[in-house]
Every structure is written in C-alpha cells, then in structure tokens.
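Subject: Handing over a two-chain model

Dear colleague,

I am passing on to you the structure shown just below. Please look through it first, and then read the notes that follow.

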Amino acid sequence: MTSVKLYPPKPEKVYLFGTCLIDLFYPQAGLDAIRLLEREGIEVLYPQDQTCCGQPAYTSGYHDEARAVAAAQLDLFSEPWPIVVPSGSCGGMMRIHYPQLFAGTDRETLAGEVAGRIYELTEFLVHVCHLRLEDQGPSERVAMHTSCSARREMGLAETGPALLARMGQVELAEQARAAECCGFGGTFAVRHPEVSAAMVEDKTQAIAATGATRFVTSDCGCLMNIAGRFEQQDKAIKGEHIASYLWRRTS
Amino acid sequence: MSSAHESVQTFTPREFHRQAHDALGNPQIRANFRRAMDGLMAKRRDVFSDWDLETLRELGANIRLRALAKLPDLLERLEANCQANGIQVHWAENGDEACRIIRGICERHEAKAVIKGKSMVSEEMHLNAHLEEAGIEALESDLGEYLVQLNEQTPSHIIMPAIHLNTDEISKILHDRTGTERTRDVDIMTAAARAQLRERFMAADVGISGVNFAVAETGTLCLVENEGNGRMTTAVPPVHIAVTGIEKVVEQLRDVPPLYALLTRSATGQHVTTYFNMISSPRKSGEHDGPQEVHLVLVDSGRSNIYQDDELLDTLRCIRCGACMNHCPVYTRVGGHTYGTTYPGPIGSILMPHMMGLEETKDLPTASSLCGACGEVCPVKIPIPDLLVRLRRESVGEGRGNVPGAGVKRTKTEVAAWKGFQWLATHPAAWRSGMALAGKLQALMPSRLGPWTEYRTAPKPAKVSLHALVKRHQANKADENEETR
C-alpha cells in the first residue's frame with residue numbers, strides 16, 4: 001500500500017508530534033520517545049502549541065473541523081527537520097490524509113511538504129537512526145501488537161518487531177492472527193461497542209495464549225483498548241508503549 | 001445449537017446494532033464464520049504466494065479503471081456486439097424494471113419453472129419473489145443458494161451464500177426440506193442435491209444467470225463457477241436470461257484473464273474454477289444444444305449515479321470476489337446477515353448506501369474500525385476505507401451531497417461536539433490548560449464511561465501532560481548543561 005520511501009541520514013534535530021492520547025493519558029511514552037532520540041545525539045523540538053492531528057473528526061466525517069485542527073498543526077514545523085510521531089495512527093493521518101484533506105486549498109503545498117517529513121517513531125529509529133540497543137532488562141517473552149495504521153497505512157509491519165529483535169534478553173512471542181485489528185478504531189469503539197468488544201476480547205485471548213506477561217504496541221489507542229480489557233478482567237498481563245519499553249530496559 | 005429453521009427471519013440495515021448483538025451472542029454463527037474466514041484467508045495467501053500480487057492488483061485496477069473511464073461507450077459497443085451475435089439486450093433503470101423485463105420474457109414463453117444460476121444482481125432486485133407473484137417458480141441451482149432458498153434465507157456471503165451454516169445444519173435442512181437421509185457425509189449430501197437439481201434443469205423453461213465479465217469488443221458474457229450449474233442453467237433450458245449490473249463490462253477479451261486470475265484467487269484461493277463459461281450467442285443452426293434465445297438485462301439501480309462522482313466511482317471497480325468480507329474483522333464476527341443488505345461486509349457498506357439511501361444504511365459506513373484489511377486485499381485496489389470515510393462525511397452532511405439521504409446523521413449535539421473539539425484543538429493555551437486540569441481532576445474521573453467501560457477499564461488522565469513533562473525535561477536539561485559548563 002505504501003510507496004518506497006527513501007530515508008535521510010540522521011539529522012541534527014527533529015520535531016516530535018506527541019499526539020493527544022499520549023498528551024492526556026500516556027505522557028511518559030512521549031518523554032521516553034524524546035529520550036531515545038536524544039540519546040542518539042538528536043535535539044528534539046517539541047512545539048508547545050501542538051494539540052491533536054484532527055483524526056477523530058476526520059474519520060467521523062467532520063472534515064471541515066478536521067481541516068481547521070490540522071491547519072493549526074501545519075504551522076508548527078517551519079524548519080525542515082523530520083517530524084517524528086510515536087503513533088502509526090496519527091502518523092498515517094499526517095502522512096497520508098493531510099495531503100487529501102488540503103487538496104485544492106491554498107495549504108495543499110504545505111500539507112504535502114509536512115506529510116513528506118512525517119515518520120512514525122519505530123520507523124525513524126530503525127531506518128534513520130539505525131538504532132542500537134543494549135538491553136539491560138531481565139530475560140522476557142513479550143508480545144507485540146502493531147496497529148493497523150502502522151501496518152497497512154504506513155507499511156510498517158516490521159519496524160516494531162525489528163527493534164525488539166535488537167533487545168538481547170527479549171523474545172518476541174508469536175501471536176495468532178497478529179495482523180488482525182484489536183477493535184479500537186477511534187470512535188468505532190464507541191459507535192459499535194459490542195463488535196469492538198468482541199474484537200478486543202479475541203485480541204487479549206491471542207496475546208494471553210502466547211504465555212507472554214507483557215505486550216508492547218506503538219499506538220496508544222490500541223494500548224488503551226487492549227490493556228483496558230486485560231485490566232477489567234484482572235489479568236496480570238501489562239501493556240506498554242514500545243518507546244517506554246525500550247527506554248526502560250536500555251537506560 | 002441453533003436450529004436451522006429458527007433462522008427464518010428478516011434482516012434490515014436499520015437494525016444493524018440489534019442484529020450484531022444477536023449474532024455476537026450466537027456461538028454457532030461465531031464459530032462458523034471464524035472457521036470459514038480463517039480458511040479462506042489462508043487459501044488466498046497460499047495461492048498468491050508465487051505471484052507478484054502487487055503487480056497483478058495494479059493491472060486489475062487499471063483494467064477496471066479503463067473500462068469505467070469508457071463506460072458509456074463500452075456499454076453501447078457491448079449492446080451492438082451482443083445484438084450482432086443474436087443476444088437480445090435490455091436496459092433497466094432499476095430492479096423493479098429489470099424484474100418486469102425478465103417476467104415479460106418468461107410470460108412470452110409461458111414459463112412456469114425457472115432455474116437460476118448464482119446472481120447477486122437478481123438478489124439485489126428480489127427477483128425470485130417477483131417471479132413467484134407472477135406464478136413462476138424460480139429455483140436456485142448453486143448449491144449454497146439452493147440451501148439458503150430451502151431454508152428461506154438470503155445469502156450471507158456473495159461468493160459462498162450458505163457460509164453461515166455448518167455441515168450438521170445443512171444436513172438438517174436437506175433432511176427436513178427434501179427428505180435426504182440425515183448424514184454428516186458431505187458427498188452424500190452433495191449427491192442428493194445434485195440428483196434433486198438435475199431433474200429441475202431438464203424441466204426448466206427458462207435459465208437465469210448472472211455475468212462476471214461482459215466483453216464489449218466481442219459481445220461475450222463470461223460466467224465463473226465451480227459446480228457446473230451455471231453451464232446447465234445457460235445451456236439446457238430453451239431460453240437463457242443473463243442479468244447483471246452495467247459496471248460489469250470490460251473492453252477487450254484480453255482484459256479477462258488477469259481479472260479471472262485475480263477473482264478466483266481472491267475469492268476462494270483457486271488457481272482456476274472448475275467451469276469458465278463464455279456465452280456468445282444462442283444456438284446456431286446446425287448446433288445440437290444451447291438455448292434458442294439469449295437475453296442480457298443490464299441493470300442500473302443507482303450505478304450511474306455513483307458513476308457521476310469521481311471519488312465514489314471507485315466503488316464500481318468491484319469484481320465481486322468477497323475477499324474484503326473474508327478479511328474483515330467485523331464481518332467475521334457478526335456474519336453476513338447482520339448487515340441486512342444484499343451485499344454485506346466492506347463492499348456492501350460502500351455500495352448499499354447508494355442503492356438504499358443513507359437513511360436505511362447509516363450504521364454501515366461506521367461499522368468498520370478502518371483497519372484497512374479490505375483495501376489491502378482488494379484485487380482491484382478499491383480504496384474501501386477512504387470510501388467508508390467519504391460516506392461518513394455524506395452521512396453528517398459534509399460531503400458533496402450526492403448520495404441519497406446525505407446529511408441524515410447530522411445532529412445539533414454532534415455538530416456542537418466537533419465544533420467544541422475544533423475550538424479546543426485550535427486554541428493551544430486552552431488545550432494546555434485543559435490537559436493540566438484533566439490531570440488535577442484525575443481522581444474525579446468517572447470509572448464508567450458509557451459503552452467503553454462495559455468491556456474495559458477507563459483510561460486515567462495523567463497527572464502531568466506531555467506538554468508539561470517536556471517543559472520540565474527541557475528545564476532540567478538546561479540546568480544540567482549549566483552545571484556541566
């Protein structure tokens with residue numbers, strides 16, 4: 001689905017677009033992403049005026065509202081540095097849908113230019129930073145859930161697992177139907193709660209069946225959904241954003 | 001275990017939520033679909049393993065796009081070449097008109113019994129019921145369709161109409177409705193159905209089939225099938241009526257092999273089907289078999305309206321393989337009947353709103369997590385997730401307004417909510433204060449948040465937002481730099 005992307009050499013600086021879910025619910029994942037990038041000698045710029053990429057309005061069909069929100073983000077990245085997003089979902093919105101959203105408007109060129117600088121975090125760590133990781137954590141089996149947006153929209157099925165493979169003490173647990181959606185889907189979970197629940201139930205069962213006691217994901221929507229389901233069932237399986245997992249075990 | 005006959009019930013897209021609830025609570029339905037879809041996904045994956053799938057999909061998409069770009073011209077050429085071959089061509093603006101045309105042909109031949117090959121377009125227009133009203137009995141001859149008809153149901157999948165039934169349920173239906181011995185042996189059941197149908201082929205006055213590809217340059221109707229019932233339907237009765245949507249036309253004969261390769265592999269994971277029929281004319285003088293008359297009924301039913309919109313147009317690329325439903329996590333869980341439409345699953349959710357209007361079908365475009373699995377497997381690269389979003393726009397009145405029922409979901413409350421979101425997300429200072437406030441009020445957060453918390457715990461706003469954490473982090477770093485200097 002995705003076209004071939006040529007990756008630039010490691011830059012001096014990057015922007016971080018932290019996403020609204022991380023801002024509100026998982027700020028530690030955002031900070032850990034910043035620390036991973038800084039450890040690579042990259043200065044991380046975090047525009048304080050960032051809010052949300054606009055995706056919730058976009059997928060709900062409210063494109064005028066989404067465009068207004070997206071327009072406010074477009075102005076925040078005036079220097080030519082890459083923009084790193086610790087989410088395949090928001091990354092996909094900005095890389096794929098911003099150009100569509102602004103097509104035929106006076107911001108079309110800017111939207112295309114910004115879209116071309118969008119990198120999902122694990123993609124950036126693998127393909128631009130060529131990240132080396134020295135795992136200091138205990139030996140552990142872990143399951144990974146790659147979000148549908150990262151996997152299909154951004155074509156990044158492999159970058160999360162590739163990072164975990166660089167962790168000496170971590171074994172990636174094979175999971176049944178790993179490519180299947182966890183049932184989050186933004187407002188889908190609220191508009192079709194029972195279908196969404198059936199999907200997250202299957203996802204938690206598939207993760208539990210691996211015997212792993214922890215799962216990681218690069219999207220906080222999936223994390224909130226899957227971990228929330230485990231927690232409601234009082235299961236001991238914990239979820240974590242991959243940025244936090246990598247930072248925690250290598251710092 | 002659910003009894004097969006209990007399921008004589010009608011489904012409507014208006015009741016998607018209730019029907020989904022029922023299906024989700026039915027372990028038999030859940031297991032039947034999960035098993036079937038897992039199998040179909042695995043077969044498709046295997047059969048494409050030695051192909052350059054992306055190149056083939058690109059080719060398939062381009063063939064369909066080229067055909068659609070020339071659609072009015074190709075339809076005229078199809079008509080002219082069919083007529084030159086002796087095939088009578090009829091145009092129907094909608095399903096009712098198509099039913100009247102077909103009934104008229106049947107009545108002219110004083111037909112009492114019609115045998116049918118599989119045709120989703122005939123399902124779309126409720127042809128069987130229409131013919132029955134006119135005293136004409138229409139019998140389905142595709143095994144799955146036959147079972148569904150015996151069980152007084154509608155197809156739950158466009159390729160495998162009886163996929164919602166398992167072996168035991170099928171055995172019970174055949175036993176109850178046809179007196180076939182109760183067995184779990186699939187061969188015995190198939191042989192029984194075959195024997196029952198064989199007589200009916202011989203006695204039928206008219207055969208009605210669908211069309212997979214109608215070739216404009218040669219006036220050829222291609223029919224893809226596995227059971228031979230399509231060939232019997234189109235060859236044994238004295239009259240053959242083919243009915244299809246206007247979008248099924250392709251330009252040239254050489255367009256067919258790539259589309260056929262994509263269709264069989266995407267649908268059932270087959271390299272080829274057992275039968276591939278090319279119908280180019282009625283029986284010619286000196287020939288010993290074949291129908292004396294062949295008719296082609298081309299149905300619009302909203303398709304030319306879709307054609308007017310350069311984005312929605314992509315809907316018409318579809319070659320009806322069903323791969324989007326096989327890979328859909330929503331379809332897999334709720335099954336085909338839940339959608340309450342002729343075409344279920346992702347393709348149905350982007351097609352049916354045009355045929356039935358958004359008022360009836362407003363829950364379908366939202367019945368997707370936009371996971372993208374459908375778009376990923378579509379053999380002609382229909383951007384299904386984008387089209388679902390487009391129909392959501394139409395539903396809330398922010399599209400171009402050219403889908404029937406546009407704006408039906410627009411409510412003051414929801415508009416106000418999104419305007420509120422827009423305001424907050426375009427006022428960074430207010431946003432930051434909001435985040436800070438949410439953190440402070442963390443303890444006051446309700447532990448129940450509507451439907452979300454019926455199945456999951458409520459997420460807790462962090463005490464400190466990322467905005468604030470980063471500020472702190474940057475200040476600490478500045479201090480460290482101060483110290484080390």
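In chain A, the domain assignment (bounds taken from an automatic or database domain assignment) gives domain 1 at residues 13–127 and domain 2 at residues 133–250. Please keep in mind that this is a predicted model, in which local features need pLDDT of at least 70 and side-chain atom pairs count only at pLDDT 80 or more, whereas totals for chains, interfaces and linings use all residues. Residues are numbered from 1 along each chain as its sequence is written, and chains are lettered from A, with ligands numbered from 1, in the order in which they are written.

The centres of domain 1 and domain 2 of chain A, taken over C-alpha atoms, are separated by 22 Å. To their contact, domain 1 of chain A gives 29 residues and domain 2 of chain A gives 23 residues, where two residues are in contact if their C-beta atoms, placed from the backbone, lie within 7 Å. On the domain 1 side, the elements that give two or more residues are helices H1 (20–24), H2 (27–39), H3 (55–59), H5 (88–101) and H7 (121–128) of chain A; helices (H or I, at least four residues) and strands (E, at least two) are DSSP runs, numbered from the N terminus. That side divides into 13 nonpolar, 11 polar and 5 charged residues, with Ala, Val, Leu, Ile, Met, Phe, Trp, Tyr, Cys and Pro counted as nonpolar, Asp, Glu, Lys and Arg as charged, and the others, Gly among them, as polar.

The contact between the chains takes 55 residues from chain A and 48 residues from chain B. Among the elements that give two or more residues on the chain A side are H1, H2, H3 and helix H4 (63–74) of chain A, while the largest share, 7 residues, comes from H11(A). The residues of this side of chain A divide into 29 nonpolar, 15 polar and 11 charged.

Turning to chain B, you will find 23 helices and 10 strands, and its C-alpha atoms fill a box of roughly 100 × 55 × 50 Å, taken along the principal axes. Of the 485 residues of chain B, 50% count as buried, a residue being buried if 20 or more other C-beta atoms lie within 10 Å of its own, exposed if 12 or fewer, and partly exposed in between, with C-beta atoms placed from the backbone. Among contacts in chain B between residues at least 6 apart in sequence, 73% join residues at least 24 apart.

With best regards
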